[in-house]
Amino acid sequence: MDDTRRDLLTREDWVAAVLARYEQPLVQYAYRIVHDVELARDVVQDTFLQLCRANRAKIEGQLGAWLYTVCRNRALTVRRKESRMTNLADKDVAVAPDDASAAAVQDETSRRVLAVLAKLPLEQQEAFRLKFQDDLNYREISRVMNVSLGKVSALMKDALNALRMELKSELNPARETKS
Amino acid sequence: MKSFGEETLAAYALDELDTSRHAAVSEFVESNAAARETVAEYRQLARLAKTAMKSAPQLELDELRRKRILQQAQQPARSGFVVKRVAPLVAAAVLLLVGAAVLLPGATQHKAASFRGGAQSAPAAGDKAEFFFGAKLAEEAKETREQLQSLGYYAGNTTAFRPGGGGGGAGVMEKGVDVNGAIRGIVPSSPQPDRFLIKTAFVSIETDDARKAAADFTTQAAALGGFVGNLDEVTDGLERHTVVLEVRVPADKLDGALEALDAFGKVLNRQVNAQDVTKEYVDNESRIRNLTKTEERLLDHLSKTGKMEDTLKIEVEINRVRDQLELIQGRQRVLSHRVAFSSITATFTEAPKAESVVPAQSFSIGKVSTEAVRSLVGFGRVLITKLIWVGVWLPVWAPILLVGWLVWRRFARV
C-alpha cells in the first residue's frame, strides 16, 4: 500500500486493507502459539480490535511488527491462561510447530523442511517462521520476539545450518550460484 | 581482505545487511569460493523454506469476527490526547481538591455543624440525625447536640476523625432514649417513677373457648397500649385447646389488664412479681452522665491538641469511653423497656370434656379388606422369593440330598 493511497483511505477502508493483508498470516501465527483454531481467531480478532483503537499515524510505519507483537503478546497471555493447570514455565511458552500443516503438505522436500524445522529449538522455529512464512525482516523479528538484532541473526544462522545439514543431498549450490 | 562468518553470510544471503556492509560482504563472497557456496546454499534453503511454509494450508478468520472488526473500525478512534494527557490532569485536580478539603479543616466545613435528616420536624422513634463539625467548631457541635436532645434525640455516637491538626468530628443521634435513659416516643407520657420496678405476672384461667379468650385479651392489651410477645397453642387428644399468651402492657396499665383477665373465666392461679432495679438504674444513669462528660472533655482536648501523639492517645481513650458508654446505654435501654412495659403470661385452658362414646378412629370395611389383601400379596411375594432361591440353588442342594438319600437307602436295606 503506497503512502498516497494510504492517506486517501478512510479508517474503515484502511482496517479492511490491513485485515486482507495480515489476517491469514496472523491467524496462522497465533495458532502456532495457542494450538487451537478458535482461540487463535479470538487472538487475531483482539489484535485487530486493538488496531481499530490505535493511533494510525503512529503505527503505520511499522504496521507488520506492531501487529505481530500485539498478536504474540495476546496469544501468549491466552496460552498461559489455558496452560495454568500444567504450570508451564515462560521459556516453554513459545511458538511450537504446527504438525497438522506439515502432514497436509504434498511436496516431499517441503515436508522434509517442515519436519526438520519441527525439531529445532522453539526460538529458532519462531524466528525462522517469522522470516520465511510471515516475511518479516530481522529488525521486525527482533521487535516481535523482544530480542536483540544479533540474537535474531544467530538464531537464523543456526536454523539455516540445521536445515543445511539435513538437506545436504538436495542442495545444488552450483545451480544457485549461476542463477 | 576482511573475512566474514556464517552469521553474516546468512544475513547477506537473506538481504538483511545495510548497503555498506552488503558491499563489503559481496566483495568477500566474490573472492572466496567456500563463502560463495555457503551463500548459495543459504539462498536455496531460503527458497525451499518459503515454498514449504506457503504450501501449508492457511487458516483465516470467520465472517462473524471479520464483521465485528470492521464494525469497530467504523467507530471513531479514541483520542490518545484526551486519555493520556487530559484524564490524568483531571484526576490530579480532583485529588488536590479532596486533599485540600481534608487537610484544611474548617475551610470547607465551617457551616457543617448544622444537622440534617429532618430533625426539626418532630422525629419519630428510631429516626437518626447526622451532623458534622470542623476543628474549630467543637462548640457549635455541642450546641447542635443540645438542640437535637431538646427535640428528643438521643446522643449516640460522636466520632472524631483526622488525627493531628486539631481534628474534626461527626455524630449520629437517634430518637428513642435520651441520655437520662427515660423512654420517649415509645412510652405514653408518664411521670418519672420513684422506684424502678420490673413487673411480671402469671395468670392461669379456665375458660370455655381458649382461642377466643386469647384473641379478646390481645385486643384489650393493644387498646391499653400493649403488644403480644409470644403465643403458644396446644391441642390435646380430646380436642381441648390450651393457649399460652405473653403480652406486654404499659406498667401503669398492669392492674387494669389483670382485672380484665378475670372476666374471661375462672382464675386458677395468679402470681405477680416485682423486681426492684432502682439501684442499677440510678447507677447506670450516673455512669452515663459521667462518661458523657468525659467524652465531651476528651473531644474538647482533641480539638485543641496539635500533636499527633496526643491525638492518638486521646482517640484511644475516647474509644474506650465510648465502648463503656454504649454498653451501659444498651443495658439502660433494656431496663427502661422492661420497667416501662410489664409482662403478663396468661394461660387459657379449656375445661375437661366428656370422652366420646364412638372411638376417635373411624371403622371402614374397605380399609380392612385392603389391608387383608395387601397382607396376602406380601405373603405371596415372600413365598415366591423363597421358591426362586430354592430353585436357583438346586445344583447345590439336590446332589447332596441325592447322596444322602442313597446312603440312607443302602443302610436302611442293610
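Reader: How many aromatic pairs are there over all chains?
Author: The count comes to 9 aromatic pairs over all chains, where rings of Phe, Tyr and Trp (its six-membered ring) pair if their centres lie within 6.5 Å, planes under 30 degrees apart being stacked, over 60 edge-to-face and the rest tilted. This is a predicted model, in which local features need pLDDT of at least 70 and side-chain atom pairs count only at pLDDT 80 or more, while totals for chains, interfaces and linings use all residues. Residues are numbered from 1 along each chain as its sequence is written, chains are lettered from A and ligands numbered from 1 in the order in which they are written, and side-chain values use heavy atoms, with hydrogens and water left out.

Reader: What are the centre distance and plane angle for F264(B) and F348(B)?
Author: The ring centres of F264(B) and F348(B) are 5.9 Å apart with the planes at 85°, so this pair is edge-to-face.

Reader: And are those two buried or exposed?
Author: Both F264(B) and F348(B) are buried, meaning under 20% relative accessible area, with exposed being over 50% and partly exposed in between (1.4 Å probe, protein chains only).

Reader: Switching topic, how many residues of chain B are in contact with chain A?
Author: There are 43 residues of chain B in contact with 55 residues of chain A, contact being heavy atoms within 4.5 Å.

Reader: How many salt bridges does the rule find across that interface?
Author: The rule finds 7 salt bridges between chain B and chain A, each a side-chain nitrogen of Lys or Arg within 4 Å of a carboxyl oxygen of Asp or Glu. R65(B) forms a salt bridge with E38(A), with the closest N and O atoms 3.1 Å apart.
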